[in-house]
Amino acid sequence: MTDDNCHEEICAPESCDMRGMLSFLIMWFLSKRPMYGEEIAQELEKMKGSKPTPGTIYPALKHLQNNGLITSQKDGRNIIYSLTEKGTTTSKKAFEYFCRMFEPVFNDCVKAKNLKKM
């Protein structure tokens, strides 16, 4: 079963549910630069293959804001989100933890890609 908005070449199989990673990914994007909600959705689409709905993105943004990790500022009709000082510190720690946890998986990915090139 695939999502109608899914690009087949990059869609995750059903066993790779990304819901638990949403806050981490939002904070990772915002560590690069402040963004609008729509920009965050577009970045997620590039990675996941399907665009998340506003009903997915905005509750996560609200949760991050309620926890003091991000801030929002009105920019015309849009709202721009950015990391707070606490969010910057938290995202660095989360990134380090993520790398430690998934480094063996990424190493296997590199090995598999190198084998395909042979």
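Strand 1 and strand 3 run antiparallel and are joined by two bridges; strands here are DSSP runs of E with at least two residues, helices are runs of H or I with at least four, and both are numbered from the N terminus. Two strands count as paired if DSSP finds at least two bridges between them. Across this pairing, Met-35 stands opposite Tyr-81 of strand 3. The model is predicted, so local features need pLDDT of at least 70 and side-chain atom pairs pLDDT 80 or more, while totals for chains, interfaces and linings use all residues. Residues are numbered from 1 along each chain as its sequence is written, and side-chain values use heavy atoms, without hydrogens and water.

The three strands form an open sheet in the order 1-3-2, with antiparallel pairing. Strand 1 (35-36) and strand 2 (70-75) each have a single partner strand, so one side of each is left without a neighbour in the sheet. Helix 1 packs on this sheet and touches strand 1, strand 2 and strand 3, where contact means heavy atoms within 4.5 Å. The direction of helix 1 makes about 90° with that of strand 3. Helix 3 lies across strand 2 and strand 3, at about 115° to strand 2. Axes are lines fitted to C-alpha atoms, for helices over the stretch in contact, and angles between N-to-C directions run from 0 to 180 degrees.
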